[in-house]
Amino acid sequence: MDQPKPYRELPTRLSHGCFGCGSENPHGLRMIFHTDEKSVFSEIVIPDHMVGWKNFAHGGILSTILDEIMGWSAIYLTKNLVLTKSIAVDFLRPVPVGTTLRAEGRISKVRSDREVAMEGFLLNSNGIVHARGKGVFALFKIDAAMKFGIADEKELRELERVFNL
Ligand SMILES: CCCCCCCC(=O)SCCNC(=O)CCNC(=O)[C@H](O)C(C)(C)COP(=O)(O)OP(=O)(O)OC[C@H]1O[C@@H](n2cnc3c(N)ncnc32)[C@H](O)[C@@H]1OP(=O)(O)O
C-alpha cells in the first residue's frame with residue numbers, strides 16, 4: 001500500500017493573473033506550492049526568456065520567486081493575507097536557466113498580528129543554496145484585505161474558504 005506523502009499541494013491554483021502563481025497569466029512563472037506544515041516549497045524551471053547574462057537567470061526573476069515563496073509561506077503559515085513591505089536578496093551563485101530549482105519559505109519571526117518576517121531560499125537539485133531572501137510582510141485579515149483592494153470579494157472569500165483564514 002502507498003504511504004501517505006509527508007507533504008501536500010496548497011490549493012493556490014485559483015484562476016487569477018498573478019505573475020508568480022496565476023494559472024491564467026501566460027507570461028508568468030505559474031508557480032505551484034507544497035507544504036510540510038513547517039515550510040512552503042515549490043519546484044520551478046526558469047524559462048529561457050527570463051535570462052539575464054548568457055544562460056544565467058535574471059536576478060529580478062530570482063527575487064520575484066523569493067517574494068512569491070515567502071508570500072505564500074506567510075499566507076499559509078500565519079493564516080492571513082499579505083502584502084510585501086520589503087525584501088532583501090543575496091545572490092550567492094548564478095542560476096542557469098532551464099535547471100530545476102527548489103524555492104523554500106518559512107517564518108523567521110511573527111512580529112505582531114500585522115507583521116511577519118520571513119526567509120526564503122533557492123536551492124539546486126543537490127541542495128546548494130543559490131540565493132536567499134529576507135522579507136517583511138504586512139498581514140491582513142479578510143476585511144482589511146477587502147478594504148485595501150488586494151483582490152475582489154469573490155476571490156478573497158475563496159481564499160478564506162480554502163485556507164481557513
Ligand atoms: C499571492 C501571494 C504572493 C505574494 C508575493 C507578491 C506580493 C506582492 O508583490 S505585494 C506588492 C508589493 N507590495 C505593496 O504593494 C505594498 C505597498 N505598501 C503598502 O501598501 C503599505 O506600505 C502597507 C499597507 C504595507 C503599510 O502601510 P503603512 O502606511 O505603513 O501603514 P500605516 O500608516 O500604519 O496605516 C495606514 C492605514 O492602513 C491600515 N493598515 C496598515 N497595515 C494594516 C494591516 N496589516 N491590517 C489592517 N490594516 C492595516 C492602518 O490601520 C491605517 O488605516 P487608517 O488610515 O484607516 O488608520
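The legends below describe close-up views of a predicted model.

**View A. The shell of residues around the ligand.**
In this predicted model, the ligand is surrounded by 15 residues, and the closest of them are Thr 84, Arg 114, Leu 139, Phe 140 and Phe 148. Sorted by class, this shell holds 8 nonpolar, 2 polar and 5 charged residues.

**View B. Polar contacts between the protein and the ligand.**
Arg 114 takes part through its side chain, from which a polar atom lies 3.2 Å from an oxygen atom of the ligand. On its own the ligand has 1,100 Å² of accessible area, and the protein covers 50% of that area.

The largest share comes from helix 1, which gives 5 residues to the shell.

Thr 78 is found in helix 1, the element that gives the largest share of the shell around the ligand. Thr 78 counts as buried because its relative accessibility is 15%, and buried means under 20%. The side chain of Thr 78 reaches the backbone oxygen of Ala 74 at a distance of 2.7 Å. When residues up to four places away in sequence are not counted, Thr 78 touches Ser 73, Ile 107, Val 116 and Leu 139; Leu 139 is also among the residues closest to the ligand.

A disulfide is a covalent bond between the sulfur atoms of two cysteines. How many disulfides does a search of the whole structure find? The search finds 0. For Cys 18, the closest cysteine sulfur is that of Cys 21, and because the two sulfur atoms are 3.7 Å apart, whereas a disulfide needs them within 2.5 Å, they are too far from each other for a bond. Cys 21, for its part, is in no disulfide, and its nearest cysteine sulfur is that of Cys 18. Are these two cysteines buried or partly exposed? Cys 18 counts as partly exposed, because its relative accessibility is 24%, while Cys 21, at 5% relative accessibility, counts as buried.

Methods. Residues are numbered from 1 along each chain as its sequence is written. This is a predicted model: local features need pLDDT of at least 70, side-chain atom pairs count only at pLDDT 80 or more; totals for chains, interfaces and linings use all residues. Side-chain values use heavy atoms; hydrogens and water are left out. A residue is near a molecule or strand if one of its heavy atoms lies within 4 Å of it. A polar contact is a pair of N or O atoms within 3.5 Å; within protein, one must be able to donate a hydrogen and the other to accept it, and residues adjacent in sequence count only if both atoms are side-chain atoms. Accessible areas come from the Shrake-Rupley method with a 1.4 Å probe; for residues, only the protein chains shown count as cover. Helices (H or I, at least four residues) and strands (E, at least two) are DSSP runs, numbered from the N terminus. Ala, Val, Leu, Ile, Met, Phe, Trp, Tyr, Cys and Pro count as nonpolar, Asp, Glu, Lys and Arg as charged, and the others, Gly among them, as polar. Buried means under 20% relative accessible area, exposed over 50%, partly exposed in between (1.4 Å probe, protein chains only). Contact means heavy atoms within 4.5 Å.
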